Amino acid sequence: DWSGNSVSFSPLISPSSPGEGFLLRPLCTADFNRGFFKVLSELTHTGDVTAEQFIKKFEHMKKTGDYYVVVVEDTNLAQIVATATLITEHKYIHACAKRGRVEEVVVSDVCRGKQLGKLLVSTLTLLSKKLNCYKVTLECSPQNMAFYQKFGFNASAETYMQRR
Ligand code: 16G
């Protein structure tokens, strides 16, 4: 089981075979013109971002080595249809360990039911293990808890707090 957890795929897909007409790969700068922001806008407000701003942010994230932004491309349409990000955060605790964060998990409405969300989260969960993260966390709405529980995520006793 490549996913390293109890998640099962039917039909069977994997990062290297994500399904007919799909390619799973790291984000690249050309994805700005392949609807990357359109997909993100299905999750939340993206704001107006210019190509220059995007490339600057992309280069910054790349330089840190801590951002694993993964996309699924519809290769026939040359359009991004799904994305998810793993971020590693560095700690002194737990013997200078790393903590993983799964962020911006979104599958375009037009590609629902193709197991792409499951594939992305499985891939990033496995990657967090390979990168020796001592824990991996995410924030989600109550409706999405059952989905994330499949990958071994549990509701935390700690409360998520924010200030905006
Ligand atoms: C969700 C996302 C989070 C994203 C946030 C955006 C997952 C697992 N969680 O909580 O990563 O940052 O939505 O919402 O994808 P906001 O615009 O209110 O911050």
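**Close-up views of a predicted model**

**View 1. S108 is a buried loop residue.** S108 counts as buried because its relative accessible area is 7%. (Buried means under 20% relative accessible area, exposed over 50%, and partly exposed in between, with a 1.4 Å probe and protein chains only.) S108 sits in the loop that links β4 and α4. (Helices, H or I with at least four residues, and strands, E with at least two, are DSSP runs numbered from the N terminus.) Set aside the neighbours within four places in sequence, and S108 is in contact with E42 and V81. (Contact means heavy atoms within 4.5 Å.) This is a predicted model, in which local features need pLDDT of at least 70 and side-chain atom pairs count only at pLDDT 80 or more, while totals for chains, interfaces and linings use all residues. Residues are numbered from 1 along each chain as its sequence is written, and side-chain values use heavy atoms, with hydrogens and water left out.

**View 2. Five strands form an open sheet.** The strand order is β1-β2-β3-β4-β5, and the pairing is mixed. (Two strands pair if DSSP finds at least two bridges between them.) At the edges lie β1 (22-26) and β5 (133-137), and each of these pairs on one side only. From one strand to the next, the twist averages 20°. (Axes are lines fitted to C-alpha atoms, for helices over the stretch in contact, and angles run from 0 to 180 degrees between N-to-C directions.) Strands of a sheet pair through backbone hydrogen bonds, either parallel or antiparallel.

**View 3. β2 has a partner on each side.** β1 and β2 run antiparallel and are joined by five bridges. Across this pair, P26 stands opposite V70 in β2. β2 and β3 also run antiparallel, joined by eight bridges. Here D74 stands opposite Q79 in β3. The two strands β2 and β3 make a hairpin with four residues between them. In the turn, A78 has a positive phi of about 55°. β2 is largely enclosed by the rest of the structure, because six of its eight residues are buried.

**View 4. β4 and β5 pair in the parallel sense.** Strand β4 covers residues 98-107, and four bridges link it to β5. R101 stands opposite T137 in β5.

**View 5. Helix α4 packs on the sheet.** Helix α4 (residues 116-130) touches β1, β2 (67-74), β3 (79-90), β4 and β5. Its direction makes about 25° with that of β3. Eleven of the 15 residues of α4 are buried, so the helix is mostly covered. Among them are L116, L120, L124 and S128. An α-helix has 3.6 residues a turn, so residues three or four places apart point the same way. At 1.5 Å a residue, the 15 residues of α4 should span 21 Å, and its end C-alpha atoms are 21 Å apart, which agrees. (The expected span of a helix is 1.5 Å times one less than its number of residues.) After α4 comes N132, with a positive phi near 65°.

View 6. α2 covers residues 51-64. Its 14 residues should span 20 Å at 1.5 Å a residue, and the end C-alpha atoms are 20 Å apart, which agrees. Just after α2, G65 takes a positive phi of about 75°.

View 7. D48 lies in the loop between α1 (36-40) and α2. D48 is exposed because its relative accessible area is 79%. From C-alpha to C-alpha, D48 and K118 are 29 Å apart in space, and 70 residues apart in sequence. A97 lies in the loop between α3 (93-96) and β4. A97 is buried because its relative accessible area is 13%. Leaving aside neighbours within four places in sequence, A97 is in contact with E89, H90, K91 and Y134. A97 and L77 are 20 residues apart in sequence, yet 41 Å apart in space, C-alpha to C-alpha.

**View 8. The second largest pocket holds about 700 Å³ of space.** (On a 1 Å grid over the protein atoms alone, a pocket is an open set of points where a 1.4 Å probe fits, with protein on both sides within 12 Å along at least five of seven lines; lining residues have an atom within 4 Å of a point. Grid points are joined across faces, edges and corners, and a volume is the space filled by probe spheres set on the points.) Of its 19 lining residues, T137, L138, N154, S156 and E158 are the closest to its centre. The elements β4, β5 and α5 (145-149) each give two or more residues to the lining.
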